[in-house]
There are 2 protein chains.
Amino acid sequence: MAGVSVATVSRVLNQDASVKEATRRLVQKAIKKTGYHPNRVAQRLRATRKSRKLIGLLIPDIQNPFYVDVVRGIEEYAYAHDCAVVIGNFSQDAAKEKLYIDILRSESVDGFVVAPHHGRDQYVEALVEEGYALVCIDRGLTNVEVDVVMVDNQKGAYNATAHLIKMGHTRIAHITGNPSIPTTTDRILGYKAALMEHGIEIDPALVIGRESDFESGQELTRQLLEAPEPPSAIFTGNNLLTLGALDMIHRRKLKIPDDVAIVGFDDMYWATSLNPPLTAVRQSGYDIGKRAVELLYQRIEDPDRPAARVYMPTQLMVRTSCGPKK
Amino acid sequence: MAGVSVATVSRVLNQDASVKEATRRLVQKAIKKTGYHPNRVAQRLRATRKSRKLIGLLIPDIQNPFYVDVVRGIEEYAYAHDCAVVIGNFSQDAAKEKLYIDILRSESVDGFVVAPHHGRDQYVEALVEEGYALVCIDRGLTNVEVDVVMVDNQKGAYNATAHLIKMGHTRIAHITGNPSIPTTTDRILGYKAALMEHGIEIDPALVIGRESDFESGQELTRQLLEAPEPPSAIFTGNNLLTLGALDMIHRRKLKIPDDVAIVGFDDMYWATSLNPPLTAVRQSGYDIGKRAVELLYQRIEDPDRPAARVYMPTQLMVRTSCGPKK
DNA sequence: CTGAAAGCGCTTACAG
DNA sequence: CTGAAAGCGCTTACAG
């Protein structure tokens with residue numbers, strides 16, 4: 001080094017105001033020259049400071065394009081603030097989720113961004129109770145006060161369904177996600193509200209759900225199409241379900257939208273690469289992720305502020321997959 | 001704690017053979033009871049041991065479904081071995097890549113899995129020269145000996161092109177990825193080899209490339225379709241290019257495969273949700289990622305073994321997007 | 001077989 | 001304004 005103690009170096013690194021300008025310059029020059037980077041591991045171990053620039057990200061399914069947008073938003077915002085992110089994709093598997101949480105905990109992350117497994121996810125609840133900074137995305141937690149960034153699912157689902165109705169459909173099915181996920185419930189509510197408001201009776205046989213994945217989309221669509229009175233339109237509860245439904249519809253050589261119309265929750269940047277282009281409820285995973293990290297750092301600064309619930313906008317992207325019923 | 005020194009606890013944690021069986025039991029019982037987890041940050045700081053269970057993952061574009069599979073493979077394998085992964089998506093941006101590398105370096109990761117920006121990526125080269133354990137995926141490095149897990153791109157491209165020829169096409173375009181990426185070059189080679197071997201002359205106007213993204217796929221397809229002598233088939237150099245091409249083809253109301261056939265490099269799990277189902281060269285990002293981490297830990301164990309180049313299989317998934325030319 | 005001590009690279013009261 | 005010292009939670013020679 002060049003002339004001063006490690007303590008002083010540390011001070012200039014941490015912008016301690018007490019360092020004399022001349023010393024600061026000297027140190028900064030030496031830092032530049034040697035290409036010195038502080039060891040983040042030691043910093044984190046020593047930390048009494050609130051933020052040590054590492055956050056944990058727990059997502060249920062990275063195969064879902066919505067979550068890759070979330071990852072992008074989080075990661076980009078985090079690194080722009082000199083913060084690294086440890087990723088954990090627990091694939092809707094509670095045991096894996098627990099393992100990941102334990103590992104991240106012992107990595108001394110500053111906090112977590114999580115899309116909990118379901119509304120009563122005990123591992124995530126435990127984290128909140130232990131006092132970790134934590135913000136949920138996409139879904140909240142029922143037993144515990146926590147920051148959430150999400151979308152008005154009910155409204156989004158309402159809009160999608162209402163659009164189908166406007167296009168002349170009355171026999172509208174809803175393939176829902178896994179019923180234990182709060183978003184599923186909200187979307188069902190929106191779907192039902194739209195039907196009721198337009199005087200269409202709800203047929204329970206048309207509201208079916210299992211998992212929130214591709215295979216469920218396929219299988220449930222098959223059931224619907226084979227029913228004695230098949231629907232003329234389907235509203236799918238998420239990305240993966242939509243893709244699965246599309247697979248089955250094409251497989252049966254059915255024409256969209258004439259044989260069956262479809263509107264999906266979750267847009268994809270390549271929705272126009274589908275044939276026909278998919279009408280979908282867009283929510284910006286990127287913005288949600290970004291907002292979540294912002295909120296997380298606010299929470300770290302101020303652990304006592306009341307839990308916030310941030311709603312991001314939803315937008316119906318009208319394309320041609322549910323054009324006017326013939 | 002229950003009866004022994006921290007040194008002993010550390011020894012049972014690290015399976016030191018010298019600990020008496022009875023003591024070991026005692027300690028393990030206490031660990032279980034208190035729910036103790038060692039602090040990974042302290043472990044990493046102290047490390048003299050080779051592996052401290054954190055790896056850095058640097059990928060060029062997480063929007064590309066191929067890389068999300070890679071992430072999945074890496075992440076799943078890593079956590080199964082009690083190893084966390086810090087993710088960095090540098091979006092094909094060299095400045096970001098450098099920033100991420102610096103951060104990961106000061107996080108004292110055990111090693112890196114990287115898909116380098118291009119073949120002469122100096123930041124990644126520097127890492128290798130500094131002696132970091134590092135394995136490349138998808139693309140190697142030209143100036144430096146390094147482990148690589150990849151696919152035989154030339155062969156994959158050859159198969160795709162040959163299939164198009166078998167289907168009766170002779171005027172076959174190739175939309176390539178960014179020319180500075182080694183895979184791009186290899187795929188062009190395979191494309192040309194197939195044409196030549198079948199006695200088809202190579203028309204330079206039909207081999208065009210810019211970036212490896214959606215917009216380039218759109219734009220380049222537009223150019224191709226507007227040309228005086230448009231191709232009857234297109235071979236797209238990656239996922240994103242394929243999706244962009246599809247968008248443009250649908251936009252122009254062209255029929256696949258009759259108006260224009262298409263085969264893509266990179267399969268997607270929802271390729272059958274496309275209409276018509278996409279014929280594509282499949283490479284398993286998941287397996288590539290998994291293999292890369294295995295190799296990384298071998299490298300950590302044995303820093304001096306010669307660099308390995310692992311080729312994973314490629315498979316032409318024949319579906320209907322390039323059916324027989326009419 | 002086990003404990004006391006040193007040290008990993010930092011940060012932060014505490015002196016001066 | 002700056003340095004010496006303690007300490008974050010571990011691991012590992014070194015004694016015994």
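Trainee: In what order do the six strands of the open sheet of chain A stand?
Mentor: This is a predicted model, in which local features need pLDDT of at least 70, side-chain atom pairs count only at pLDDT 80 or more, and totals for chains, interfaces and linings use all residues. Residues are numbered from 1 along each chain as its sequence is written, while chains are lettered from A and ligands numbered from 1 in the order in which they are written. Strands (E, at least two residues) and helices (H or I, at least four) are DSSP runs numbered from the N terminus, and two strands pair if DSSP finds at least two bridges between them. The pairing in this sheet is mixed, and the order is β7-β6-β8-β9-β10-β12.

Trainee: Which strands are the edge strands, pairing on one side only?
Mentor: An edge strand of this sheet pairs on one side only. In chain A this applies to β7 (207–209) and β12 (314–317).

Trainee: What is the average twist from one strand to the next?
Mentor: Angles run from 0 to 180 degrees between N-to-C directions, and axes are lines fitted to C-alpha atoms, for helices over the stretch in contact. On that scale, the twist from strand to strand averages 15 degrees.

Trainee: At what angle to β6(A) does helix α9 of chain A run?
Mentor: Helix α9 (residues 214–226) lies across β6 (172–176), β7 and β8 (233–236) of chain A. Relative to β6(A), the helix runs at about 155 degrees.

Trainee: How far apart are the C-alpha centres of domain 1 and domain 2 of chain A?
Mentor: Domain bounds come from an automatic or database domain assignment. For chain A, this gives domain 1 (6–38), domain 2 (54–151 + 285–313) and domain 3 (153–283). Between the C-alpha centres of domain 1 and domain 2 of chain A, the distance is 34 Å.

Trainee: How many residues of chain B that touch chain A are nonpolar?
Mentor: Contact requires C-beta atoms, placed from the backbone, within 7 Å, and 41 residues of chain B contact 41 residues of chain A. On the side of chain B, two or more residues come from each of α3, α4 (65–80), β2 (84–89), α5 (94–106) and α10 (239–251). Ala, Val, Leu, Ile, Met, Phe, Trp, Tyr, Cys and Pro count as nonpolar, Asp, Glu, Lys and Arg as charged, and the others, Gly among them, as polar. Besides eleven polar and eight charged residues, the nonpolar ones number 22.

Trainee: What is the bridge partner of A:I87 in β2(B)?
Mentor: β2 (residues 84–89) of chain A pairs with β2(B) in the antiparallel sense over three bridges. The partner of A:I87 is B:V85.

Trainee: Which element gives the largest share of the surface near DNA strand C?
Mentor: A residue is near a strand if its C-beta atom, placed from the backbone, lies within 6 Å of it. DNA strand C is surrounded by 24 residues, with A:A7, A:S10, A:N39, A:A42 and B:T23 the closest. Five residues, the largest share, come from α1(A).

How values were computed:
Two residues are in contact if their C-beta atoms, placed from the backbone, lie within 7 Å.
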